[in-house]
Amino acid sequence: MADLPDSFRLDGRVALVTGASKGIGEAMARALAEAGAHVIVTSRRQESVEAVAASIREAGGQATGRALHVGRLDELADAVGAIAEEAGGLHVLVNNAAANPVYGPVEDTDEAAYDKIMDVNVKGPFLLSQAALPYLKKDGGTIVNVSSIGGVKPETGLGIYSVSKAALLSLTEVMGKEWGRHGVRANAICPGLIQTKFSEALWADEKTRDRFTRHLPAGRIGQPEDLAGLTVFLASDASAYCTGAVFTADGGYLVA
């Protein structure tokens with residue numbers, strides 16, 4: 001992305017990406033670095049995020065690996081403050097980390113699983129965004145929340161996960177409405193079925209995958225890199241008039 005128009009460039013900006021050690025988060029981190037951002041690659045394990053950060057640096061980008069467990073809610077505010085102070089600011093927050101420990105009907109989802117899903121998928125992004133706001137306000141920063149098409153149209157077997165992603169969409173709209181006065185924008189991306197370890201149960205079986213893709217206008221399931229361009233757009237000045245909006249990247253699933 002070295003030849004991007006200036007409005008898409010992120011030179012001099014710091015971007016924090018959660019859940020960035022693999023899959024969609026890693027692809028987003030790499031894209032933001034290619035656009036010029038100093039990317040703070042975060043996930044639960046330091047060795048995993050450092051491997052991604054080192055790979056970005058080897059490719060000529062700027063990246064720092066930092067362990068951050070979104071489920072440890074009481075640690076998030078201090079972690080954001082430390083990251084912003086060490087990096088010299090914070091301009092982009094990508095809330096990508098998510099959890100879904102169960103697959104099946106909602107009546108089989110116990111309270112512990114419900115709490116984990118809601119904590120990681122909703123409360124975590126809320127607390128991270130709240131902690132990031134003082135830094136984002138300084139230069140008109142951006143928030144990108146990674147929801148799901150399940151947040152728009154609940155998925156069978158993914159009931160509480162879908163509920164959490166719908167809540168994240170509502171939170172995005174609230175932040176877009178309330179934080180515009182601070183010059184801060186918030187938008188959401190709703191991926192469809194993307195071929196990652198997180199969604200392996202949905203695409204690993206060939207018959208299930210074929211049945212799903214047969215009705216997709218795009219004719220295939222997505223790859224993490226399919227989210228790269230949209231992420232850079234929403235993080236950059238190219239989307240300066242977009243806030244509180246929901247963008248789908250689902251191969252046409254919702255209109256099929």
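Me: Within what distance do the axes of α4 and helix α5 come, and at what angle do they cross?
Reply: Axes are lines fitted to C-alpha atoms, for helices over the stretch in contact, with angles from 0 to 180 degrees between N-to-C directions. In this predicted model, which requires pLDDT of at least 70 for local features and 80 or more for side-chain atom pairs, while totals for chains, interfaces and linings use all residues, the axes of α4 and α5 (residues 159-179) come within 8 Å and cross at roughly 15°. That makes α4 roughly parallel to α5; angles under 35 degrees count as roughly parallel, over 145 as roughly antiparallel, 65 to 115 as roughly perpendicular and the rest as oblique. Helices here are DSSP runs (H or I, at least four residues), as are strands (E, at least two), numbered from the N terminus. Residues are numbered from 1 along each chain as its sequence is written, and side-chain values use heavy atoms, without hydrogens and water.

Me: Which residues make the contact of α4 with α5?
Reply: Contact means heavy atoms within 4.5 Å. Among the residues involved are Y114, F126 and L133 of α4 and Y161, L171 and W179 of α5. By class, this contact has 14 nonpolar, four polar and one charged residues. Ala, Val, Leu, Ile, Met, Phe, Trp, Tyr, Cys and Pro count as nonpolar, Asp, Glu, Lys and Arg as charged, and the others, Gly among them, as polar.

Me: At what angle do α3 and α4 pack?
Reply: Helix α3 (residues 76-87) and helix α4 (residues 111-139) pack at about 40°, with axes 9 Å apart. The two are therefore oblique to each other. The contact includes L76 and V80 of α3 and L127 and Y135 of α4.

Me: What is the handedness of the crossing of α1 and α8?
Reply: A crossing is left-handed if the near helix is turned anticlockwise from the far one by less than a right angle, and right-handed if clockwise. The crossing of α1 and α8 is right-handed. Helix α1 (residues 23-34) packs against helix α8 (residues 228-235) at about 55°. Among the contacting residues are M28 of α1 and V232 of α8.

Me: How many salt bridges does a search of the whole structure find?
Reply: Side chains of opposite charge can pair when their charged atoms come close. The criterion is a side-chain nitrogen of Lys or Arg within 4 Å of a carboxyl oxygen of Asp or Glu. The search finds six salt bridges. One of them joins R13 and D237, whose closest N and O atoms are 2.8 Å apart. R13 lies in the segment before β1 (14-17) and D237 in the loop between α8 and β7 (246-249), so the pair ties together parts 224 residues apart in sequence.
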